[in-house]
Amino acid sequence: MKVEDDLGLEERFERIVARRDRIEPRDWMPEAYRKTVIRQVAQHAHSEIIGMQPEGNWIGRAPSLRRKAILLAKVQDEAGHGLYLYSATETLGVSRDELTENLISGRQKYSSIFNYPTLSYTDVGTIGWLVDGAAICNQVPLCRTSFGPYGRAMIRICKEESFHQRQGYELLMTMMRGTDAQREMVQESVNRFWWPALMMFGPPDDSSPNTAQSMAWGIKTHTNDELRQKFVDMTVPQADALGVTLPDPDLVWNEERGHYDLGTPDWDEFWSVVGGNGPCNTQRIEHRRRAWEDGAWVREAAMAYAEKEQTA
Ligand SMILES: [Fe+2]
Ligand SMILES: [Fe+2]
């Protein structure tokens with residue numbers, strides 16, 4: 001018998017969270033904790049699903065069979081991540097239908113990065129390197145997040161994300177060993193994605209009002225700025241090895257801090273994209289809405305079949 005059995009529900013919850021253990025769906029939890037986890041995991045699930053679109057755009061135009069097989073596998077992984085995370089959200093009593101409605105109606109968000117277009121095949125490499133790289137920085141600490149189903153989903157997802165990052169880096173490295181025109185394509189793509197990738201960590205700590213409570217509950221374990229710094233420190237040497245220039249003149253090693261200093265992202269652009277005015281917001285949601293509507297007959301047929309099996 002655990003000591004917690006003798007405690008009040010709230011005290012029990014606080015103790016589990018304080019010793020960095022897991023909260024499970026059957027456990028009592030404050031309503032605000034439940035709401036925060038639903039919001040965060042749903043937003044993460046939506047990002048995986050919407051994130052299939054910018055890269056899916058290039059499956060039919062991959063330059064070789066090898067590249068096509070890699071890209072197909074990657075986009076399929078993202079679908080799997082979305083489904084895992086929707087399942088984790090469902091353990092808190094929200095249905096998949098409700099979550100999809102929340103996405104399509106704009107009540108719930110997804111990562112701002114997926115509202116930027118993919119203009120060349122090179123963007124597949126840059127997304128793998130920078131976007132999946134940023135996702136890894138965000139997600140590795142989440143393997144220890146306090147909500148059990150979320151943390152366990154993240155363990156498997158992170159293994160796949162590291163393949164995504166490597167395939168992107170390998171694609172860019174191949175192009176950097178190619179012609180001048182290819183090297184220019186890589187630089188152009190990195191110029192477009194660098195700042196939006198930094199914005200993936202969310203607003204600066206002083207304008208992120210939910211961070212303190214999320215950290216106290218063990219949902220988040222690091223602040224946005226800490227994770228952004230970690231990503232920059234990890235990525236600069238990779239950019240050097242690749243031979244590309246990151247488009248930030250203020251990016252310099254700070255001996256005293258033991259970190260790279262960096263310039264300020266355009267936060268007005270970030271808030272504008274989050275607010276629905278990025279280059280591709282409308283297109284992404286419309287595409288998802290169409291896929292959801294076109295799939296209605298499949299869901300109905302599956303339900304009818306399940307009912308028939310049950311009566312038989
Ligand atoms: Fe993913
Ligand atoms: Fe990924």
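Biologist: Are Glu78 and His164 buried or exposed?
Modeller: This is a predicted model, in which local features need pLDDT of at least 70 and side-chain atom pairs count only at pLDDT 80 or more, while totals for chains, interfaces and linings use all residues. Residues are numbered from 1 along each chain as its sequence is written, and side-chain values use heavy atoms, with hydrogens and water left out. Buried denotes under 20% relative accessible area, exposed over 50%, and partly exposed in between (1.4 Å probe, protein chains only). Glu78 and His164 are both buried.

Biologist: How far apart do the iron ion (ligand 2) and the iron ion (ligand 1) lie?
Modeller: Glu78 bridges the two ions. Glu78 belongs to helix 4 (residues 65–90) and His164 to helix 7 (residues 148–176), so this pair ties together parts 86 residues apart in sequence. Helices here are DSSP runs (H or I, at least four residues), numbered from the N terminus. The separation of the iron ion (ligand 2) and the iron ion (ligand 1) is 3.4 Å.

Biologist: Which residues of helix 7 meet Gln40, Val41, His44 and Glu48 in helix 2?
Modeller: Contact requires heavy atoms within 4.5 Å. The residues that those of helix 2 meet in helix 7 are Tyr150, Met154, Ile157 and Glu161.

Note on methods
Chains are lettered from A and ligands numbered from 1 in the order in which they are written. Donors are N, O and S atoms within 2.8 Å of the metal (3.2 Å for Na, K and Ca); water is not among the atoms, so sites may look incomplete. Helices (H or I, at least four residues) and strands (E, at least two) are DSSP runs, numbered from the N terminus.
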